[in-house]
Amino acid sequence: QVQLVESGGGLVQPGGSLRLSCAASRSINVMGWYRQPPGKGRELVAIFTNAGNTNYADSVKGRFTISRDYAKNTVYLQMNSLKPEDTAVYFCNAKYSLSSYNYWGQGTQVTVSS
């Protein structure tokens, strides 16, 4: 079992920044972030693949940056130039590359509003 603990959500004005953190209880190679806007399905935001590459949703490229600290089993999401359409519950995701099972964090609310 892998537990994921997220932090860093909140309310921010348009154009502002937030940094999300997700700490895993043990080492796991694929880690990333998804989000679920109000009334919509869950969508990929950014992820580290099993090869260590990063993938981003087109809507966040150039504004969001995913990074990780392997020693701390932690992945971060730096979100800049936030827009109202970034409002969503953000979920940390992790999986082992040879498994189809996904681990999920509890979710953290990000609200972008003036």
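Predicted model: local features only at pLDDT ≥ 70, side-chain atom pairs only at ≥ 80, totals over all residues.
Colleague: Is Met 79 buried or exposed?

Modeller: Buried means under 20% relative accessible area. Met 79 has 0%, so it is buried.

Colleague: Now disulfides. How many does the structure hold?

Modeller: The structure holds 1 disulfide. It joins Cys 22 to Cys 92, with S to S at 2.0 Å. The pair links distant parts of the chain, 70 residues apart. Cys 22 is in strand β3 (residues 18-24), and Cys 92 is in strand β9 (residues 88-95). Both cysteines are buried.

Colleague: Why is the disulfide of Cys 22 and Cys 92 left-handed?

Modeller: Look at the torsion about the S-S bond. For Cys 22 and Cys 92 it is about -80°, so the disulfide is left-handed.

Colleague: On to strands. In which sense do β4 and β5 pair?

Modeller: Strand β4 (residues 30-36) and strand β5 (residues 43-48) pair in the antiparallel sense, over 5 bridges. Take one partner: Arg 35 has its bridge to Glu 43 in β5. This hairpin has 6 residues between the strands. There, Gly 39 takes a positive phi near 75°.

Colleague: Over how many bridges do β5 and β6 pair?

Modeller: β5 and strand β6 (residues 54-56) pair over 3 bridges, in the antiparallel sense. Phe 48 has Thr 54 in β6 as its bridge partner. In this hairpin, 5 residues lie between the strands, and Gly 52 takes a positive phi near 85°.

Colleague: How is a pair of aromatic rings described?

Modeller: By two values: the distance of the centres and the angle of the planes. A search of the whole structure finds 4 aromatic pairs. One of them is Tyr 34 with Trp 104. Their centres are 5.2 Å apart and their planes are at 75°, so the pair is edge-to-face. Tyr 34 is in strand β4 and Trp 104 in strand β10 (residues 103-104), so to speak distant parts of the chain, 70 residues apart.

Colleague: What about Tyr 96 and Tyr 103?

Modeller: Their ring centres are 6.5 Å apart with planes at 85°, so this pair is edge-to-face. Tyr 96 is partly exposed, with a relative accessible area of 30%. Tyr 103 is buried, at 13%.

Colleague: Which residues do ring pairs link into a cluster?

Modeller: Tyr 34, Phe 91 and Trp 104. At 36% relative accessibility, Trp 104 counts as partly exposed.

Colleague: Which charged end sits over the ring of Trp 104?

Modeller: That of Arg 42, which is 4.5 Å from the ring centre. Look also at Phe 48. Arg 68 lies over the face of Phe 48, at 5.4 Å from the ring centre.

Terms used:
Residues numbered from 1 in each chain as written. Heavy atoms only, no water. Buried < 20%, exposed > 50% of the residue type's maximum accessible area, 1.4 Å probe, protein only. Disulfide = S-S within 2.5 Å. Helix = DSSP H or I, 4+ residues; strand = E, 2+ residues; numbered from the N terminus. Pairing = 2+ DSSP bridges. Phe/Tyr/Trp six-rings, centres within 6.5 Å; stacked < 30°, edge-to-face > 60°. Lys NZ or Arg CZ within 6 Å of the ring centre and 35° of its normal.
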